[in-house]
Amino acid sequence: MKIIVGILRVGALGCSAGLCACIVRPPTIAHVHIGHAVTAVHVTPGHEGYLSVAEQRANEAYTAAKSANGDADLRQLKAHIAAVVDATDSQENFGVRQSVTMAANHISFAATSADASANVIRFAPTFATDTAAIVERCNYIDLLGKDVASSASLKEASLLTGEILKLTRANIEGSDASGNDAGGSAPSKDGVVQLRVEVQAMLARETPPYRTVDQWYLFNLVRLPNGRWVFDKLGRGGTIDGYK
Amino acid sequence: MATNRLFALLLIGLCRAAWPHEAASPAVCQAAAGQPAITEAKAALDASPADLRARLKLADAWGDAGCFGDALQVLQDGQALHPGDKELQARLRVAKSLVSEQGYFDSMDRAAKNATLSRATFRCAKLADVSSCDDALNMKPNDPELLIAKADSLVQLKRLGEAIGTYRNALPASADREAINAKIALAESQRHAFLDTCETKAGDAALRACQAAWLPGAPDELTVFKRRGMLLQADNQLSPALDAYMAAARLDPSDHSVALAIVSLSDSTGRQDALTLAARGHALMALGRPTEALDPLRQALRLAPDLVDAKAELRLATLSPRASRADRPAADGNVGSAGDKAAAPPAIIAAANGGAAAPRRYSNDAPVTRTN
């Protein structure tokens, strides 16, 4: 009995030290890339997956836009819109545009992995195309944000803010068929919510089934100089941005 | 097995590094089909279609030219001949990835352009920003909705004449002609009120009214320019006044009051640019002083040899009997005579103009707001 308890203790300690990864069958490289898009990646704030970061930042942008929409003071309105722009399009702080683009990139990495399923290979270009509407809105928000920043008129800035508010909402919920309004009767696949649904549907079709990838694999995938993806069991570091 | 997989991965890395990642356009790829590398590789493959090396060489040649779609096609055509070949599979994966990357970057470019268009459209429609309307129309020429939005903006800015012209441009492609005609009728009635102010009042209000009433091609366009010239001259804005008179002269080159104003203002402003010199030459011809017209017309053509009207005018001035005498070394002393009334006879005018009657001209090419 003592021997069994001892083995379990050693196992538990080993697992907590990441050794489970060596014992359990490792995930496919394609699934690890997908895991970076949906579960976790070590470069983002809170190590969230890129799609989760995009959702968070899209919500932050919408909240800031709602605040700006009620502002009667031009300076305060500009501050709120600056927050919208930062949440939407910021290289340093993983704006919606950057996060969505990275999610698409990592799903493309998955599709080009040697162990990618036909399902993933088919999905990657569709997903990348579907992110274009969000990227376009982010670009538009960025341009309107610059107009607000340079505006000397509260009336003009408020009109611009109304448009920004619609765009930030559409970045979450998508837009209707005419592309004018968020949450319409026939939403297109172009909000972060729709992107998440698309990814989940793709994962549900995976054979063998997709399982949430263990954090050790997510944080230890590296690319060798010859282009091959491997797990960094020896802590050597990798060669590509976004990886160790 | 493991070695094969490693080889395939290595190949992917090498191929991705080897092929340029700048994708070529379909037109460029069509032209690239004639490149020696591609024609030679194609000939080799046609000679032995089952030769995998030859197929890969042709795919490489397309890839080197940035034509990833063509490279993919060549590789896909080889699948039936080489089923399960690891190298071919790896190369196919790379080619597919590059084709999809190409599509992705195209969509990103489109996203950037569409955002710029959306911003320009919004500013045009909601903020009456006419320069944004022009930006949007540059991206979507003759779009009826944009034209109407621009015209609405011009109405808001009280530039009614321009607005009417823009509404008219929207008419042919518009689905709702009735609505546009109603807008035109409303703008016309407002324009007439401004025209009245332009013609009867003085000062800034009248100047603004002239600007608002200016409608390119309208029968009253000449009146608007003349009136604008007078008002600006009265306000001692001599250079803009000269511009207005020059625009009027383009509409009616024979108007004596306009010609006199141009001669006077080109003197007092001292402007020596090609257009002003040509206008001064035209004006002097209109006043029947061809001898005096020679010098400004020649100067204008030295500065801008392509001024077609000035060339014709110079020919006319040179053919004029008085000017011919004055131009000879033993001139009779009539050079620069203000009383030079001997205008060229009709036959000479016809010869200089090539016999064609001058059509009615409009000032669209020379807005009153433009300065030299």
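Guide: Start with Leu195(B). This is a predicted model, and in it Leu195(B) counts as buried because 23 other C-beta atoms lie within 10 Å, where 20 or more is the cut-off.

Visitor: Where does Leu195(B) sit?
Guide: In helix 10 of chain B, residues 177–200.

Visitor: What does Leu195(B) touch, leaving out residues up to four places away in sequence?
Guide: Ala213(B) and Asp220(B).

Visitor: And how far is Leu195(B) from Gly161(B)?
Guide: Their C-alpha atoms are separated by 9.9 Å. Along the chain, the two are 34 residues apart.

Visitor: Staying in chain B, what about helix 13? How many of its residues are buried?
Guide: Twelve of its 14, so helix 13 of chain B is mostly covered. Among them are Pro240(B), Asp243(B), Tyr245(B), Met246(B) and Arg250(B).

Visitor: What covers the buried residues of helix 13?
Guide: The cover includes helix 12 (221–234), helix 14 (256–269) and helix 15 of chain B.

Visitor: What span should helix 13 have, at 1.5 Å a residue?
Guide: 20 Å for its 14 residues, 238–251. The end C-alpha atoms are 20 Å apart, which agrees.

Visitor: You mentioned helix 15. At what angle does it cross helix 16 in chain B?
Guide: Roughly 160°, with the axes coming within 8 Å. Helix 15 covers residues 274–286 and helix 16 covers 290–303. That angle is over 145°, so helix 15 of chain B is roughly antiparallel to helix 16 of chain B.

Visitor: Left-handed or right-handed crossing?
Guide: The crossing of helix 15 and helix 16 of chain B is left-handed.

Visitor: Which residues meet there?
Guide: From helix 15 of chain B, they include Leu277(B), Gly281(B) and Leu284(B). From helix 16 of chain B, they include Ala293(B), Pro296(B) and Leu297(B). By class, the contact has eleven nonpolar, two polar and two charged residues.

Visitor: Switching to chain A. How many helices and strands?
Guide: Chain A has eleven helices and two strands.

Visitor: What share of chain A is buried?
Guide: 45% of its 244 residues. As for contacts between residues at least 6 apart in sequence, 56% join residues at least 24 apart.

Visitor: Which parts pack against the buried residues of helix 9 in chain A?
Guide: Helices 4, 5, 6, 8 and 10 of chain A, together with helix 6 (86–127) of chain B. The buried residues of helix 9 of chain A include Leu160(A), Glu163(A), Ile164(A), Arg169(A) and Ile172(A).

Visitor: What span should helix 9 of chain A have, and what follows the helix?
Guide: Its 20 residues, 154–173, should span 28 Å at 1.5 Å a residue, and the end C-alpha atoms are 28 Å apart, which agrees. Next comes Gly174(A), with a positive phi near 85°.

Visitor: How does helix 4 of chain A pack on helix 9?
Guide: At an angle of about 155°, with the axes 9 Å apart. So helix 4 of chain A is roughly antiparallel to helix 9 of chain A. The crossing of these two helices is left-handed.

Visitor: Which residues make that contact?
Guide: Among them are Ala58(A), Tyr62(A) and Lys66(A) of helix 4 of chain A, and Ile164(A), Leu165(A) and Thr168(A) of helix 9 of chain A. The residues of this contact divide into eight nonpolar, six polar and two charged.

How values were computed: Residues numbered from 1 in each chain as written. Chains lettered and ligands numbered in written order. Predicted model: local features only at pLDDT ≥ 70, side-chain atom pairs only at ≥ 80, totals over all residues. Axes fitted to C-alpha atoms, helices over the stretch in contact; angles between N-to-C directions. Helix = DSSP H or I, 4+ residues; strand = E, 2+ residues; numbered from the N terminus. Parallel < 35°, antiparallel > 145°, perpendicular 65-115°, else oblique. Left-handed = near helix turned anticlockwise from the far one by under 90°. Contact = placed C-beta atoms within 7 Å. Nonpolar A, V, L, I, M, F, W, Y, C, P; charged D, E, K, R; others polar. Expected span 1.5 Å × (residues − 1).
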